[in-house]
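I opened my notebook to look up two things.

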Amino acid sequence: MANYYSDHPEIAFYLNHPLMERIVELKEKGYEDKDKYADAPVDLGDAIENYKQILDITGDVAANIIAPNSESVDLEGPHLENGRMIYASKTFENLDNTRKAGLHGVSMPRRYGGLNLPNVVFSMLSEVISAADAGFQNIWSLQSCIDTLYEFGSEEQRQKYIPRVCAGETMSMDLTEPDAGSDLQRVMLKATYDEKEDCWRLNGVKRFITNGDSDIHLVLARSEEGTKDGRGLSMFIYDKRQGGVNVRHIEHKLGIHGSPTCELTYKNAKAELCGSTRLGLIKYVMSLMNGARLGIAAQSVGLSQEAYNEGLAYAKERAQFGEKIINFPAVYDMLARMKAKLDAGRSLLYTTASYVDIYKALEDIARDRALTPEERQELKKYQRLADAFTPLAKGMNSEYANQNAYDAISIHGGSGFIMEYKCQRLYRDARIFSIYEGTTQLQVVAAIRYITNGTMLANIKEMAETLNAAADLQPLADRVNALIPVYEDALAYVKGLGNQAAQDFLARRLYDMTCELVMSLLILADATKAPELFTKSANVYVRMAEENVLGKAAYIKAFHAEDLESFKAAEPETEE
């Protein structure tokens, strides 16, 4: 019987990440739950076994329920009835099975009914479910919104809402509006305090809300009258049981059909303030978005895996000119690059998730006691790393998912353009990954300051110095080492232009070079530890990175600020 976890040993490899022991120690707070809860681990080995069991259950549900349902869900999609969103029938079946399997509230402490899993394992679960159906992964993974409520809400709110999410109720984050997409400072949904009822009331419209008719919403709204920027925005909790919110429209989308994208109307809807006023965008949404971006990175890796699986299976079966097409260089080059991008992207995902785990666990501990000076330094270190790496993980994995889905169709040839083959759905589903939760261009904006201020260069040099590649991989490591001064020189050249517009124009190339060097070093480290899993991908990825870094460096060094004018779109002609 298929299992989307155990069929891919590359996933389990990251349970042995060098930071995992520290992550588990912090997450379990010294294993303090072992005498209170029967399912709490007593040590590291016990925790890892628990993770493997949960992953195995998820892999079974994904392969044998969610994946077989995916075609039906894609064809039916959600629909609108009397202001309510109704899931596709098989989506209800998926939700029922994930609830019965205990796969909700996975990141929450056990005292609220959660599984207390670290981000690394949550990302693995997301990857596995996304491989089965990326649209359903959206619905399921939005349970991570509860992390923001746990982090910034009151204890009364935690007691009220977290057990419901752990029991399987759904969530959404209601941020965007018709005039506020990437620029959330323009949010105008109005929040007013109702003194008579001692509650807040929300009025306005939200648009492009994933899973918008969920049970519990986190809502960004303008609480400060007369303001027009982010300082007037606060975060609110809306409970569907209270009423006051209707679905006006469900978007008809290119892909992820099972994931409802809704336009909502708020009419005097009762809500609770989450945290403090004025910090909705400045603090709470930033935390919410970083978690969502890591979720999209995991979603992207899952779809990349499935695209590779589909391409490989077809290439093994399809014969042309008397030979299986997998033996054609043009085809096995595509497959090799798909696998290399998948493996390198997955390594970046779980490295980033590890950084997030450490600093988030330390922040959680700080709610109960003062951190030691060493712990405070550790928190700062890993928060900086998480902030720097998250836009890399989201941006590159979402781009790789699109590229792998594209190549899967190419391998299928004309059959890939036919709706009966899965690769067309993967291609349609993947397209949104590099758009929502911040486009790739916005990931570049988020990452570029860590690139231009030398943070990522220092990280790359440290990674290279501590690599200790296996002897047979050392020639590849030498090639990566030779690229680092090329990257450093290109970076210095861009900064030396002294022209902000030119720096902005070249930022994407610097971002790509940074990611490719980081992932080259990560995949080499993985191949050193598990050569049977990653040596081929390391060989392919480093050569691919070499090709790309040298090419982008050459482009940058030949660029002059005055060249910008030739790239600007011509102004439309106007009639006299």
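**Entry one: the helix pair**

I noted at the start that this model is predicted. I began with the general idea: two packed helices are described by the angle between their axes and the distance between the axes. Then I looked up helix 6, residues 134-141, and helix 9, residues 280-317. Their axes come within 10 Å. The crossing angle is roughly 155°. An angle over 145 degrees counts as roughly antiparallel, so I wrote down helix 6 as roughly antiparallel to helix 9. I also checked the hand of this crossing, and it is right-handed.

Next I asked which residues make the contact. From helix 6 I listed Ala134, Gln137 and Asn138. From helix 9 I listed Gly295, Gln299 and Leu303. I sorted the residues of this contact by type: two are nonpolar, four are polar and none is charged.

I moved on to Glu516, which sits in helix 16, residues 500-529. Is Glu516 buried or exposed? Its relative accessibility is 4%. Buried means under 20%, so Glu516 counts as buried.

I then looked for partners of the Glu516 side chain. I found a polar contact with the side chain of Lys552, at 3.0 Å. I found another with the side chain of Asn548, at 3.4 Å.

Last, I listed what Glu516 touches, leaving out residues up to four places away in sequence. Asn548 and Lys552 came up again, along with Tyr400, Tyr541, Ala545 and Val549.

Conventions
Residues numbered from 1 in each chain as written. Predicted model: local features only at pLDDT ≥ 70, side-chain atom pairs only at ≥ 80, totals over all residues. Heavy atoms only, no water. Axes fitted to C-alpha atoms, helices over the stretch in contact; angles between N-to-C directions. Helix = DSSP H or I, 4+ residues; strand = E, 2+ residues; numbered from the N terminus. Parallel < 35°, antiparallel > 145°, perpendicular 65-115°, else oblique. Left-handed = near helix turned anticlockwise from the far one by under 90°. Contact = heavy atoms within 4.5 Å. Nonpolar A, V, L, I, M, F, W, Y, C, P; charged D, E, K, R; others polar. Buried < 20%, exposed > 50% of the residue type's maximum accessible area, 1.4 Å probe, protein only. Polar contact = N/O pair within 3.5 Å; in protein donor to acceptor, adjacent residues only side chain to side chain.
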